[in-house]
Amino acid sequence: MDCFGSVSSCRFAIAPPDELMEQDREHRRRHSIRDQATDLGSGTVRWIASSTGRGPSQQPHRTEFPRSSVSAWEAAVTRGRQDPGQDASEWQELPEADDCDADEGVEANARLTGMTAALLLVLLAVEGFTILRIGKLLTLHVVIGMVLVPPVLLKIGSTTWRFARYYLGSPEYRRKGPPPAILRLLGPFLVVLTLAVLGSGIALLLGPSSARSELLTIHKATFILWIAAMVVHVLGHLVDTARLAPKDFYWRTRRQVRGASTRQWTLVGALCLGLLLAVVVAPKIGPWRSGGTPVHLITPAGKAAPSVPPSG
């Protein structure tokens with residue numbers, strides 16, 4: 001056989017068939033390994049890119065968030081910064097900030113009412129104890145009565161606010177709903193009786209001595225009606241008071257509603273104002289005793305007991 005060209009061409013031309021077949025198989029095997037490595041690398045890259053959201057996607061998602069939590073957060077932030085005119089339907093689905101603030105205001109009002117109610121329960125328990133021995137504990141009775149005035153006005157203010165907002169059609173207070181019907185009907189009467197008890201007591205201490213008998217009768221009568229209504233009121237709100245009163249004092253729950261410190265200081269301010277009133281009124285108790293019938297001579301019926309004439 002004639003050979004043209006180089007020696008290697010002649011050698012390749014005269015190579016046996018078995019060697020040529022072996023070289024062809026080796027060539028195919030190397031190409032197969034290289035292709036598998038390329039496919040594996042590109043598949044891994046595609047998997048990492050798709051899982052992290054960093055690489056291009058063959059099917060871009062226009063309305064769905066990526067699978068990755070990090071990329072989903074980035075997409076949410078980016079979507080939140082978009083111009084409202086770009087996609088009005090997405091902005092309509094987002095919660096309104098005003099509604100959230102309004103509902104937070106309802107909860108704040110409920111917490112202030114609950115804290116004030118808990119404080120009043122303690123003060124009223126002490127005041128009730130002084131009634132059992134009013135002759136010896138008259139000073140403490142008057143002092144606690146004056147301390148009660150600012151917290152009572154604070155609670156009346158918070159409940160009146162909820163009452164007015166509900167019946168004026170405020171959406172957030174409508175969503176919360178009203179108290180039970182019996183408590184709603186009892187509320188205005190309890191407010192009037194509370195003001196009557198406190199007002200008659202203050203008038204009894206600071207008013208003219210000539211009107212003490214009438215004022216004492218009014219004070220006792222309104223107190224009896226008040227205590228009956230108060231028992232129903234306390235039992236009806238006892239569970240809510242126990243649930244709401246401590247929320248601004250627990251670290252976990254106080255952060256749920258803004259203004260916890262403000263509500264606490266408001267309650268402390270009302271208590272301090274009551275103590276100031278008590279300090280101002282306390283010196284008048286002595287002259288009140290000497291200016292009228294001594295307290296230890298007043299019978300349960302409100303009449304002065306006959307004094308024993310001194311023996312000659």
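The model is predicted, so local features require pLDDT of at least 70 and side-chain atom pairs count only at pLDDT 80 or more, whereas totals for chains, interfaces and linings use all residues. Residues are numbered from 1 along each chain as its sequence is written, and side-chain values use heavy atoms, with hydrogens and water left out.

The protein chain contains twelve helices and zero strands, where helices (H or I, at least four residues) and strands (E, at least two) are DSSP runs numbered from the N terminus. Of its 312 residues, 27% are buried, that is, under 20% relative accessible area with a 1.4 Å probe, protein chains only; exposed means over 50%, and partly exposed lies in between.

Helix 6 (residues 138-167) packs against helix 11 (residues 260-281) at an angle of about 145°, their axes being 7 Å apart. Axes are lines fitted to C-alpha atoms over the stretch in contact, and angles run from 0 to 180 degrees between N-to-C directions. Contact means heavy atoms within 4.5 Å. Among the residues that meet are V142, M146 and L154 in helix 6 and L267, L271 and G274 in helix 11.

Ring pairs link F163, Y166 and Y167 into a cluster; rings of Phe, Tyr and Trp (its six-membered ring) pair if their centres lie within 6.5 Å, with planes under 30 degrees apart counted as stacked, over 60 as edge-to-face and the rest as tilted. The ring centres of Y166 and Y167 are 5.1 Å apart with planes at 90°, so this pair is edge-to-face. Y166 is buried, at 13% relative accessible area, while Y167 is partly exposed, at 43%.
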